[in-house]
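Biologist: I would like to learn how to read helix pairs, sheets and contacts in a model. Could we go through one together?
Modeller: Gladly, let us open it up.

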Amino acid sequence: MAAVDTPVRGWRSRFFAAGTLFFLVVFVTCALLLILTNLAYIDKRAVVTILTSGFIREALWLSLWTSSTTTVIAVIFAIPMGYALSRYRFPGHVLVDTIVDLPIVFPPLVAGLCLLVFFAHLSGTQVGQWMERIGLKFVFQPKGIVLCQLVVTASFAIRSAKTAFDEVDRRFENVSLTLGCTRWGSFRRISLPLAMNGVITGAILTWSRAFGTFGPLMIFVGAFRGRTEVLSTTIFLEQSVGNLEVALAVALLLIGVALVCLVTIRLVGGCALVKL
Amino acid sequence: MPGYHSSGRRLRTGETVIRTERPHLRIGDFCLRDASLKVARGEYFVLLGPPGSGKSVFLECLCGLKRLDSGRIHIDNRDVTHLEPRERGIGYVPQDHALFPHISVEGNIHFGLRARHVRRGEISRRTREVAETLGIGHLLERRIAGLSGGERQRVALARALVVGPKILLLDEPVSTLDESTREAVCGELRRIQRRFGVTTIHVSHLLEEAFSVADRAGILRNGAFQQVGPLSELLRKPQSEFVARFMRCENLFHGQAVGPAKEPQASVRAGPAEAAGSTEVHAGDVPFVVPGRHSGDVSFMVRPEKIRIVHAGEQVGSGRMALDGRLIQTVDRGAYVRAELDGPVRLVAHLSHAAFDDLRPSIGGKLVAVIGRDSVHVIPTQK
């Protein structure tokens with residue numbers, strides 16, 4: 001389908017278009033092939049297993065609630081942090097901005113290792129003992145899953161929020177200030193509603209990343225069947241005992257849920273919630 | 001040019017509402033330095049200047065959106081230098097209006113009232129009232145995205161006016177409109193300003209805009225006022241070459257004073273102007289007689305609408321300078337005809353259509369420009 005504003009095209013333009021489309025086709029074909037080959041491996045038994053297994057159902061449930069909790073916490077942090085990073089200039093701004101992005105480039109395994117070492121060290125201190133007394137335990141606990149997911153995914157929420165606040169025209173805020181708003185009022189009535197699209201996109205991104213987190217979990221919370229087992233752990237456990245078909249079926253379940261998330265992002269990004 | 005007729009506009013000489021005392025603000029290379037100003041109650045003041053002269057910065061300082069390094073700002077007899085924007089009692093319409101895109105027209109207009117926690121009934125009454133006055137009552141339910149340029153402007157004005165500001169600050173309010181609607185909208189602005197009786201500062205880089213609205217105007221350059229006064233004064237008595245050029249004054253000359261003008265020239269009409277005497281100034285090889293005593297370099301302008309053009313050989317009358325030239329171009333400017341003469345110096349004259357028709361000149365024809373002494377204005381030398 002030709003776009004309305006497509007200019008007249010000669011053979012050179014067509015050749016150029018064919019060149020770019022070629023790479024697109026190669027990539028998408030490979031991605032689909034990967035999934036389809038997996039599909040071919042799955043047998044009826046595997047499907048029955050993932051539908052009936054209590055462990056897998058629990059793992060799915062644990063995955064869903066931990067990633068949702070992570071997303072909520074990440075957004076709660078991301079909104080004020082994104083605003084502060086976007087609006088205020090302070091000494092060390094560049095450094096802080098880089099540190100916020102650091103977990104994105106962190107190898108996931110390293111994040112888990114860091115957390116483990118940190119909490120091992122903390123347990124020897126007064127603070128650590130106090131936290132244990134009030135029941136705040138993370139290592140090898142479901143709560144630790146949320147912590148791991150937060151460490152590796154919160155950056156996406158913060159980055160999205162910052163970009164969204166960057167895009168809110170300062171003049172809107174300035175006018176609202178002259179009209180009688182306080183800074184908080186201006187944030188609540190103008191900046192946040194206008195940045196909401198970006199915040200929501202960031203939240204979806206965070207959720208889908210959290211949903212698939214595996215590396216740090218293996219180190220920090222372990223892979224205990226029925227206790228700290230999320231879907232990605234299930235895949236690992238199943239394939240380590242030779243149940244490749246079941247592992248693949250779970251993998252497809254994971255891909256399916258992630259796909260739904262990505263489509264949602266596209267929809268949210270495409271037809272913005274706030275019409276500008 | 002409409003401005004030639006705007007000098008007689010009523011000017012209220014009430015108390016001062018806006019007073020800036022040597023506001024100083026440095027932003028990178030730019031520095032707002034000598035921008036002291038007084039604006040009287042109910043006055044419509046136009047802030048003119050080329051791009052980058054600091055007009056918007058000056059306005060933002062008045063709004064409290066930029067903090068001064070030093071100096072004072074008084075609004076309505078209150079020192080507001082250290083007050084937040086919301087406490088200053090201003091209505092501000094920034095460039096491109098900055099209407100909030102996520103709320104309806106009504107939401108935009110009553111935004112200020114809600115921010116100030118006005119009662120619900122009062123909000124809808126005042127919103128409707130100001131919308132009706134501006135003729136946008138039918139737009140209240142609409143979204144911002146579908147509005148035309150003129151409608152957006154009215155909504156922005158309504159939003160600023162609904163809170164009852166003491167002063168209204170408009171930053172290039174009509175620059176986004178096309179030329180044909182601009183003048184009509186300027187007239188509208190003037191009417192609205194009178195209706196609400198609100199003291200207004202209007203920033204613009206277009207001279208035509210100032211002519212259609214201003215009581216007084218100030219010309220800003222590099223963060224300093226070059227001249228402040230009624231437009232007729234800026235136009236006829238510019239205090240610097242910059243102002244003269246900005247006001248598009250034509251016939252700007254530089255010359256050397258050679259001494260007092262000869263007696264016959266000075267004594268033609270013995271009036272108060274002649275009491276100060278006159279000086280002969282040579283611009284190139286051409287001797288001009290300019291009012292007042294001067295020495296050294298002298299800059300002066302000859303007002304184009306005061307130049308009379310006659311055919312070569314006609315009687316000029318004593319006490320007037322006559323310069324020969326050939327007509328090289330005429331342009332019909334609607335209200336007048338702009339005629340350009342090339343001779344020992346290049347001169348531009350603005351002729352009425354009646355005078356032009358009487359003259360019936362042809363391009364390349366020999367003509368004589370007749371310049372009276374009162375049509376020469378000496379531009380003070382800059383320090």
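Biologist: Here is my opening question: is the crossing of α5(B) and α6(B) right-handed or left-handed?

Modeller: The crossing of α5(B) and α6(B) is right-handed. Please keep in mind that this is a predicted model.

Biologist: Thanks! And how do I describe such a pair in numbers?

Modeller: In general, two packed helices are described by the angle between their axes and the distance between the axes. Here, helix α5 (residues 149-161) of chain B packs against helix α6 (residues 179-196) of chain B at an angle of about 20°, and their axes are 12 Å apart. That makes α5(B) roughly parallel to α6(B), because angles under 35 degrees count as roughly parallel.

Biologist: Which residues make the contact of α5(B) and α6(B)?

Modeller: From α5(B) come Gly150(B), Gln153(B), Leu157(B) and Leu161(B), while α6(B) brings in Thr181(B), Val185(B), Ile192(B) and Phe196(B). By class, the residues of this contact are five nonpolar, three polar and no charged.

Biologist: At what angle do the axes of helix α3 and helix α11 of chain A cross?

Modeller: The axes of α3 (residues 54-87) and α11 (residues 231-240) of chain A cross at roughly 145° and come within 8 Å. On the α3(A) side you will find Ile56(A), Ala59(A), Leu60(A) and Ser63(A) in the contact, and on the α11(A) side Leu231(A), Thr233(A) and Thr234(A). These residues divide into four nonpolar, three polar and no charged.

Biologist: Now the sheets, please. What should I look for?

Modeller: Strands of a sheet pair through backbone hydrogen bonds, either parallel or antiparallel. One case in chain B is an open sheet of five strands, ordered β16-β20-β17-β18-β19 with antiparallel pairing.

Biologist: Why is one side of β16 and of β19 of chain B left without a neighbour in the sheet?

Modeller: β16 (308-311) and β19 (346-351) of chain B stand at the edges and each has a single partner strand, so one side of each has no neighbour in the sheet. Neighbouring strands of this sheet are turned by 45° against each other on average, direction ignored.

Biologist: How many bridges join β17 and β18 of chain B?

Modeller: Six bridges, in the antiparallel sense, join strand β17 (residues 321-332) of chain B to strand β18 (residues 337-342) of chain B. As an example to find on screen, Asp332(B) is opposite Val337(B) in β18(B).

Biologist: What is the strand order of the open sheet of chain B that contains β14?

Modeller: The order is β14-β13-β12-β15-β21 (chain B), five strands with antiparallel pairing. Its edge strands, β14 (286-291) and β21 (376-379) of chain B, each pair on one side only. Within this sheet, β12 (residues 252-260) and β13 (residues 278-283) of chain B pair over four bridges in the antiparallel sense, and the bridge partner of Gly259(B) in β13(B) is Glu280(B).

Biologist: Zooming out, how is chain B divided into domains?

Modeller: Domain 1 of chain B covers 2-246 and domain 2 covers 252-379. Their centres, taken over C-alpha atoms, are separated by 39 Å. Seven residues from domain 1 of chain B and seven residues from domain 2 of chain B take part in the contact.

Key
Residues are numbered from 1 along each chain as its sequence is written. Chains are lettered from A and ligands numbered from 1 in the order in which they are written. This is a predicted model: local features need pLDDT of at least 70, side-chain atom pairs count only at pLDDT 80 or more; totals for chains, interfaces and linings use all residues. Domain bounds come from an automatic or database domain assignment. Two residues are in contact if their C-beta atoms, placed from the backbone, lie within 7 Å. Two strands pair if DSSP finds at least two bridges between them. Helices (H or I, at least four residues) and strands (E, at least two) are DSSP runs, numbered from the N terminus. Axes are lines fitted to C-alpha atoms, for helices over the stretch in contact, and angles run from 0 to 180 degrees between N-to-C directions. Angles under 35 degrees count as roughly parallel, over 145 as roughly antiparallel, 65 to 115 as roughly perpendicular and the rest as oblique. A crossing is left-handed if the near helix is turned anticlockwise from the far one by less than a right angle, and right-handed if clockwise. Ala, Val, Leu, Ile, Met, Phe, Trp, Tyr, Cys and Pro count as nonpolar, Asp, Glu, Lys and Arg as charged, and the others, Gly among them, as polar.
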